[in-house]
Amino acid sequence: QVALAESGGGLVQAGGSLRLSCVASGAIYSINDMGWYRQAPGKQRELVAFIPNSGRANYADSVKGRFTISRDTPKNTVSLQMNSLKPEDTAVYYCSADSFDIETARFLTNWGQGTLVTVSS
């Protein structure tokens, strides 16, 4: 099993910045995409950004120009630098990683526990 450990959430004023980090550990054979999702109260979980291990980053329109996703593939880490934060960015942010499962020979999506980001006006 692959475990994801997230850190960096907290309370910040509008216009401020936070950096979220995630480290994958456990029985890792390979990881393809890593990314970040978020879920605001009463809303569905939505994709924020994801990045393949050897490809371009992809962003939701709502965060383009403000957020930057990056990864260190050998260290199995992914980060999300969030600048110019807005109150509507308030949500629980989840790290995700698609890892290869040796028993099923398939890539499966793993999820972190989530870290709360609260942006005040």
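## Terms and ground rules

In this report, Ala, Val, Leu, Ile, Met, Phe, Trp, Tyr, Cys and Pro count as nonpolar, Asp, Glu, Lys and Arg as charged, and the others, Gly among them, as polar. The structure is a predicted model, where local features need pLDDT of at least 70, side-chain atom pairs count only at pLDDT 80 or more, and totals for chains, interfaces and linings use all residues. Residues are numbered from 1 along each chain as its sequence is written, and side-chain values use heavy atoms, with hydrogens and water left out.

## The largest pocket

Let's start with the pocket. The largest pocket holds about 200 Å³ of space. A pocket here is found on a 1 Å grid over the protein atoms alone, as an open set of points where a 1.4 Å probe fits, with protein on both sides within 12 Å along at least five of seven lines; lining residues have an atom within 4 Å of a point. Grid points are joined across faces, edges and corners, and the volume is the space filled by probe spheres set on the points.

The lining of this pocket divides into six nonpolar, three polar and two charged residues. Among them are Gln1, Tyr29, Phe100, Asp101 and Glu103. Strands E9 and E10 (106–111) each supply at least two lining residues, and E9 gives the most, with three. Strands are DSSP runs (E, at least two residues), numbered from the N terminus, while helices would be H or I runs of at least four.

## Strands and hairpins

Strands E4 (residues 31–39) and E5 (residues 46–51) run antiparallel and are joined by five bridges; two strands pair if DSSP finds at least two bridges between them. Across this pairing, Trp36 stands opposite Ala49 in E5. The hairpin of E4 and E5 has six residues between the strands, and Gly42 takes a positive phi near 75 degrees there.

E5 also pairs with strand E6 (residues 58–59), in the antiparallel sense and over two bridges. Here Phe50 has Asn58 in E6 as its bridge partner. These two strands form a hairpin with six residues between them.

## The disulfide

There is one disulfide, counted as a pair of cysteine sulfur atoms within 2.5 Å. The disulfide joins Cys22 to Cys95, S to S 2.1 Å. The torsion about the S-S bond of Cys22 and Cys95 is about -85 degrees, so the disulfide is left-handed. Cys22 lies in strand E3 (residues 18–26) and Cys95 in strand E9 (residues 91–101), so the pair ties together parts that are 73 residues apart in sequence. Both Cys22 and Cys95 are buried (under 20% relative accessible area, with exposed over 50% and partly exposed in between; 1.4 Å probe, protein chains only).

## Salt bridges

The model has four salt bridges, each a side-chain nitrogen of Lys or Arg within 4 Å of a carboxyl oxygen of Asp or Glu. Arg38 meets Glu46 in one of them, at 2.8 Å, N to O. Arg38 is buried at 5% relative accessibility, whereas Glu46 is partly exposed, with a relative accessible area of 36%.

Arg38 also forms a salt bridge with Asp89 (3.0 Å, N to O). Asp89 lies in the loop between strand E8 (77–82) and E9 and Arg38 in strand E4, so the pair ties together parts that are 51 residues apart in sequence. Both Asp89 and Arg38 are buried. Salt bridges that share partners join Arg38, Glu46, Arg66 and Asp89 into one network.
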